[in-house]
Amino acid sequence: MNLTTHSADGTLIAVTSTAVTSTAETPGDTHPALIMIDPAGAFHGMRPMTGAVEPLAQRFTVFTYDRRGRGDSGDTLPYAPQREVDDLAAVIELAGGQAYVYGFSSGAAVALRAAAAGLPIRMLALLEPPFAVDEPADEPFIAEVRRLLDAGERGAVVEFVNRGIGVPEEFVKQLRDHPAWPGLEALAHTYLYDFATMESMTSELLGGVRTPTLVITSTGSDDYLRSTSLDVADRLPRGEHRAVPGGWHGLDDADLARALSDWFR
């Protein structure tokens with residue numbers, strides 16, 4: 001089911017739901033709400049957690065949404081990380097006023113900011129938050145992204161960022177032939193949004209997250225992703241860590257669904 005909501009600044013947020021969920025007036029009429037937050041460079045046309053939605057829908061009403069500036073959602077400027085917290089707040093309200101929340105990669109940073117801000121999140125699950133807490137951003141990398149954007153090389157931005165974060169080369173070479181390629185070019189500027197959100201992750205912020213949080217790592221990921229995930233789990237007052245067999249920066253759909261169901265149950 002395709003839905004829309006509006007963030008605090010009026011930005012339209014495009015949402016997809018597996019079913020009609022309960023509202024604040026009629027809580028508990030259906031499965032509990034689970035909101036899944038995309039990583040960088042994802043939208044409804046290329047969403048890495050899509051395959052996990054169907055098995056999760058047996059237990060939850062699952063909501064996915066295009067983060068601002070991506071897909072069918074709006075993009076009110078100027079960007080600030082707090083605006084993505086407001087976006088998630090609007091989706092939670094649409095979902096009935098409270099929800100379980102899953103954040104993948106940079107989506108984990110959005111989820112953590114939201115939890116620290118006190119949004120009505122029952123429990124959190126994060127898959128491989130890729131940021132080093134309290135460390136400065138990679139300014140030369142971001143400067144190159146800005147240069148390419150200023151030159152109108154949006155496709156080059158998509159490829160540059162994916163290579164830079166370690167996406168296997170064979171996958172990067174296939175991107176331009178993917179049906180979602182026009183959408184990926186259109187969202188190229190939002191990589192800067194992800195960098196800003198991840199740069200805002202501090203020890204103080206993580207220490208203020210009181211929501212029970214599971215941080216998942218894949219056994220097939222690299223040392224950097226494993227170390228950042230463990231560090232985040234250690235800094236969270238109610239954080240736990242679990243390693244799940246998988247590939248680089250991702251899990252099979254069934255394994256992801258099982259891990260989330262077990263944790264949220």
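The following legends describe close-up views of a predicted model.

View 1. Strand S3 spans residues 33–37, and five of its five residues are buried, so the strand is largely enclosed by the rest of the structure. Ala33, Ile35 and Ile37 point one way from S3, whereas Leu34 and Met36 point the other way. In a regular strand, side chains alternate between the two faces of the sheet. Residues on both sides of S3 are buried here.

View 2. S3 and S4 run parallel and are joined by four bridges. Within this pairing, Ile35 stands opposite Phe63 of S4. Tyr102 in S5 is the bridge partner of Met36.

**View 3. Helix H8 and its surroundings.** Helix H8 comprises residues 191–199 and is mostly covered, with seven of its nine residues buried. These buried residues are Tyr191, Leu192, Tyr193, Asp194, Phe195, Thr197 and Met198. They pack against four helices, namely H2 (81–94), H3 (106–116), H4 (139–150) and H5 (154–164).

View 4. Arg67 forms a salt bridge with Glu84, in which the closest N and O atoms are 2.9 Å apart. Arg67 lies in the loop between strand S4 (61–65) and H2, and Glu84 lies in helix H2, so this pair ties together parts that are 17 residues apart in sequence. Both Arg67 and Glu84 are buried. A salt bridge also links the side chains of Arg67 and Asp194, with an N to O distance of 3.0 Å. Because Asp194 belongs to helix H8 and Arg67 to the loop between S4 and H2, the pair ties together parts that are 127 residues apart in sequence. Buried here means under 20% relative accessible area. Arg67 therefore counts as buried at 1% relative accessibility, and Asp194 likewise counts as buried at 0%.

**View 5. Glu159 in helix H5.** Glu159 lies in helix H5 and is buried, with a relative accessible area of 15%. The side chains of Glu159 and Arg176 are joined by a polar contact of 2.8 Å. When neighbours within four places in sequence are left aside, Glu159 is in contact with Val172, Arg176 and Trp181.

View 6. The side chains of Arg226 and Asp223 meet in a salt bridge, with an N to O distance of 2.3 Å. Both residues lie in helix H10 (residues 223–235), three residues apart, which is about one turn of the helix. An α-helix has 3.6 residues a turn, so residues three or four places apart point the same way. Arg226 is partly exposed, with a relative accessible area of 28%, and Asp223 is exposed, at 56%.

View 7. The structure as a whole holds 15 salt bridges.

Note on methods:
Residues numbered from 1 in each chain as written. Predicted model: local features only at pLDDT ≥ 70, side-chain atom pairs only at ≥ 80, totals over all residues. Heavy atoms only, no water. Buried < 20%, exposed > 50% of the residue type's maximum accessible area, 1.4 Å probe, protein only. Helix = DSSP H or I, 4+ residues; strand = E, 2+ residues; numbered from the N terminus. Contact = heavy atoms within 4.5 Å. Polar contact = N/O pair within 3.5 Å; in protein donor to acceptor, adjacent residues only side chain to side chain. Salt bridge = Lys/Arg side-chain N within 4 Å of Asp/Glu carboxyl O. Pairing = 2+ DSSP bridges.
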